[in-house]
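Hi there,

Here is the structure I promised to pass on to you. Please open it beside this message and follow along as you read.

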Amino acid sequence: MSKTLRINKYLAQLGIASRRKADELLAQGRVSINGEVIKQHGVQVDIDQDEVEVDGVVVGKPNRKKHYYALYKPKNVVTTISDPEKRPCVGDLIKTFDTHVFPVGRLDFDAEGLLLLTNDGEASNRMLHPTYHVEKTYRVKVKGVPSKETMAKLAKGIKLDDGFIKPSFVKLEKILKENSWITMTITEGRKHLVKRIWLRLDHPVIRLVRTEFGPIKLLDLKPGEVRKLTPKEIQKIQSIGA
Ligand code: URA
């Protein structure tokens, strides 16, 4: 007998969204089962038979081949496969793909750099789950030049409105005339975290580039470019939390 699951629980298990977020996706008419838009979260999915799509991307076919890509998300692009407001989105950059993949987490509209794309919901879930403390490294251009004291304070950890944050690495990399480049690594995925850290330290972020996500590096990708992950990189991603 096939196994069935409520649609919101199914999306949560695939790592597409939390159950609450899944309910929002449903309410927004962004989820379909076998081509039919579904709005009620109580609808059951046959996990062996049904084809579930979010924003037109197939997310839940059993035993389908897994695909993994690294994309350099340019600045001013939304991290979604489609955008109801018609802003440039990640989906536009992978239009020619014949495989359906979705972004692993998010980068702000005005942030840029490494974004992973996959249809492997479990791996995506693990990369984003707080339990696994997956490191994310950013090159950050901030206004002004942080003092030694500021750098030391941040290295020890600071308090933000939603709690304490201590980067696992932070270094003042380069001092320009009026701004500075910082390299920093964090393991949390709280909203606008890097921007909020630097705003708190009175050095607003001017540019934010993610260069590493867990075992994957941006390498020499240019804005808008995509590369397939190597078998070694895929193996590293799959072994997170294993
Ligand atoms: N921190 C931010 O402020 N924005 C991002 O997009 C990622 C981390």
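Below is what I found in it, one region at a time.

First, some ground rules. This is a predicted model, so local features need pLDDT of at least 70 and side-chain atom pairs count only at pLDDT 80 or more, while totals for chains, interfaces and linings use all residues. Residues are numbered from 1 along each chain as its sequence is written, and side-chain values use heavy atoms, with hydrogens and water left out.

Let's begin with a sheet. Helices (H or I, at least four residues) and strands (E, at least two) are DSSP runs, numbered from the N terminus. Two strands pair if DSSP finds at least two bridges between them. Here, 4 strands make an open sheet with antiparallel pairing, in the order 3-2-5-6. Strand 3 (36-37) and strand 6 (57-58) are at the edges with a single partner strand each, so one side of each has no neighbour in the sheet. Strand 5 (residues 52-54) runs antiparallel to strand 6 and is joined to it by 2 bridges; Glu53 has Val58 of strand 6 as its bridge partner.

Helix 1 (residues 7-14) lies across strand 2 (31-33) and strand 5, at about 70 degrees to strand 5. For that angle, axes are lines fitted to C-alpha atoms (for helices over the stretch in contact), and angles run from 0 to 180 degrees between N-to-C directions.

Now look at Ile33, which is found in strand 2. Is Ile33 buried or exposed? Ile33 counts as buried, because its relative accessibility is 8% (buried means under 20% relative accessible area, exposed over 50%, partly exposed in between, with a 1.4 Å probe and protein chains only). Beyond its neighbours within four places in sequence, Ile33 is in contact (heavy atoms within 4.5 Å) with several residues, including Ile7, Val45 and Val52. Ile33 and Val45 are 12 residues apart in sequence, and their C-alpha atoms are 7.8 Å apart in space.

Next comes strand 9 (residues 112-118). 7 of its 7 residues are buried, so strand 9 is largely enclosed by the rest of the structure. Its pairings are these:

- Strand 7 (residues 68-73) pairs with strand 9 in the antiparallel sense over 6 bridges, and Tyr69 has Leu117 as its bridge partner.
- Strand 8 (residues 102-103) is antiparallel to strand 9, with 2 bridges between them; Phe102 is partnered by Thr118.
- Strand 15 (residues 205-213) pairs with strand 9 in the parallel sense over 2 bridges, with Val209 as the bridge partner of Glu112.

Which residues are around the ligand? They are Leu107, Asp108, Ala111, Tyr138, His192, Leu193, Val194, Lys195 and Leu208, each with a heavy atom within 4 Å of the ligand. A backbone N or O atom of His192 is 3.3 Å from a ligand oxygen atom, and for Lys195 such a distance is 3.1 Å. The protein covers 94% of the 240 Å² of accessible area that the ligand has on its own (Shrake-Rupley method with a 1.4 Å probe; for residues, only the protein chains shown count as cover).

Last, find Thr183 in strand 14 (residues 179-186). Thr183 is buried, with a relative accessible area of 13%. Its side chain makes a polar contact of 2.5 Å with the side chain of Glu173 (a polar contact is a pair of N or O atoms within 3.5 Å; within protein, one must be able to donate a hydrogen and the other to accept it, and residues adjacent in sequence count only if both atoms are side-chain atoms).

Enjoy exploring!
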